[in-house]
Amino acid sequence: MPHEKQENLLRIVLDNIDESVIAIDGSGCLTLINSIARSNFKCQTDDIIGKHIRELHFPDSPILDCLHGKRFNNVKKSMLHGKKRLQYFVTARPIMDDSGDVLGAIEIVKDAQEIKSLAKTMCEPDEIGFSDIIGTSAALRQAVGIAEKIAATEAIITIRGESGTGKDLLAQAIHTGSGRGGQFVTINCAAVPETLLESELFGYVGGAFSGARKQGRPGLFEIAGDGTVFLDEIGEMPLTAQAKILRLIQSRRIRRLGDGREIPVNARIITATNRNLEELVGKHLFREDLYYRINVLPLHIPPLRERPEDIPILAEHFLFQLSSRLGKGLLSFDAQAQKRLIQHHWPGNVRELKNVVERAAILSESTTIGADSILLVHELGRSHKAVPPTSPEFSGEPLRVAIDRYERGLLLAALKEKKSLRQAAKTLGISHTALRNKLQKHHLES
């Protein structure tokens, strides 16, 4: 019969999902239970259908409250499963007819460990792809669109943009989109001392210099194999290393320090810089021949201040990542907080926005973040040195709350500016012990 086929199909579907599903009628008697729920709740017999849910000794569940019209979203529970205590989340809903009368209720139980694993996969993907680049502005989407087209080519790509715009993220996405089998390895040319840069890039043989490993060490181009080497901040690379990179591009071979043999390499090169390469070429700080070699396919990531429509999207994305890590549940920004974020000029770009969102998520005492939790470091840095106004505007909040908020801002600014607690205490004119007490009061201890 058609209704029997439909019922069997429904049972097959429910038995093949990963969550436990149970349903009851209006009197609290079990009407449906899938195979996962039977296994988790140890109810394998067929005679449980029709029994009241209290008779089945299920773990504490809010499903009966749904018969009174209540709804529950991701209520955290735990139960003993053998000798192991399992944590899970329960979502329950009443089942109503067209007139609004409650006919029963349904409950879905999700394993907490699986949710954590899923959240980690979404927040910390193993591979960065083009879909992980967040933003809808025309300038950003144009850059990403070009990157997608040229990802599979062999050409050298140079990504240009201000510090903190996400050049490394785009480089990783290009590597993923290229389908290359080797590793993605990166080096910040500005962070590695000139004396070590060449050994990092090209490797060395044993005894090549004082302190070298006896067995030698491969460089990044060897480690990458058929993958990608990302030369971040290439504008800071010294001229001697530039000459060797140029030779590598031309010959596709490298020579380890202290070795006379040449090794063929196949790694693709992606470079990035926040400097004006044309200006550096004019000042003879960057080789003109290398400039033309790496500037075949330039990509430009616009600064955040030029794409304000991306700010709320990025902020919500970072907030989603943080909510699972902080255990605060899903957070959101109110209208005033979003306005404050959009109006800021973001000299640190996406990196600065991420820091501000993280600070707001930590400091906020509710699941909705207000404008008072948006603390911009450069403003706080000025505020603790400046003389406070003699006639501040009244915000309507209690004096104690206003003082606490102001004090917290001063503490954050001092900690940001100074390297140690003792230096911060000296700047604020208080003792080290007093500063620690205030940090504990405002939950700012690391």
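The model is predicted, so local features need pLDDT of at least 70 and side-chain atom pairs count only at pLDDT 80 or more, while totals for chains, interfaces and linings use all residues. Residues are numbered from 1 along each chain as its sequence is written, and side-chain values use heavy atoms, with hydrogens and water left out.

The overall layout comes next. The protein has 17 helices and 16 strands; helices (H or I, at least four residues) and strands (E, at least two) are DSSP runs, numbered from the N terminus. Of the 446 residues, 40% count as buried, where buried means under 20% relative accessible area, exposed means over 50%, and partly exposed lies in between (1.4 Å probe, protein chains only). Among contacts between residues at least 6 apart in sequence, 61% join residues at least 24 apart; a contact means heavy atoms within 4.5 Å.

Leu103 has its place in strand 5, which covers residues 102-111. With 47% relative accessibility, Leu103 counts as partly exposed.

Charged side chains can be followed through their pairings. The structure holds 15 salt bridges, a salt bridge being a side-chain nitrogen of Lys or Arg within 4 Å of a carboxyl oxygen of Asp or Glu. In one of them, the side chains of Lys244 and Glu198 meet at 2.6 Å, N to O. This pair links distant parts of the chain, for Lys244 is in helix 8 and Glu198 in helix 6, 46 residues apart. Lys244 is partly exposed at 37% relative accessibility, whereas Glu198 is buried at 14%.

Arg261 and Asp259 also meet through their side chains, with a salt bridge of 3.0 Å, N to O. Here Arg261 counts as exposed at 56% relative accessibility, while Asp259 counts as buried at 15%. Arg287 forms a salt bridge with Asp289, and their closest N and O atoms are 2.8 Å apart. Arg287 is partly exposed, with a relative accessible area of 30%, and Asp289 is partly exposed at 34%. A network of salt bridges links Arg247, Arg255 and Glu262.

Glu233 counts as buried because its relative accessibility is 12%. Glu233 lies in the loop between strand 10 (228-232) and helix 8 (239-251). Leaving aside residues up to four places away in sequence, Glu233 touches Lys167, Asn188, Cys189, Ala190, Ala272, Thr273 and Asn274. Glu233 and Cys189 are 44 residues apart in sequence, and their C-alpha atoms are 5.6 Å apart in space.

Aromatic rings complete the picture. A pair of aromatic rings is described by the distance of the centres and the angle of the planes. Rings of Phe, Tyr and Trp (its six-membered ring) pair if their centres lie within 6.5 Å; planes under 30 degrees apart count as stacked, over 60 as edge-to-face and the rest as tilted. By this rule, the count comes to three aromatic pairs. One of them is stacked, because the rings of Phe202 and Phe221 have centres 6.2 Å apart and planes at 10°. Phe202 lies in helix 6 (residues 194-202) and Phe221 in helix 7 (residues 220-224), so the pair ties together parts that are 19 residues apart in sequence. Phe202 is buried, with a relative accessible area of 3%, and Phe221 is buried, with 1%.

Tyr291 and Tyr292 form an edge-to-face aromatic pair, 5.1 Å centre to centre with 70° between the planes. Tyr291 is buried, with a relative accessible area of 10%, whereas Tyr292 is exposed, with 56%.
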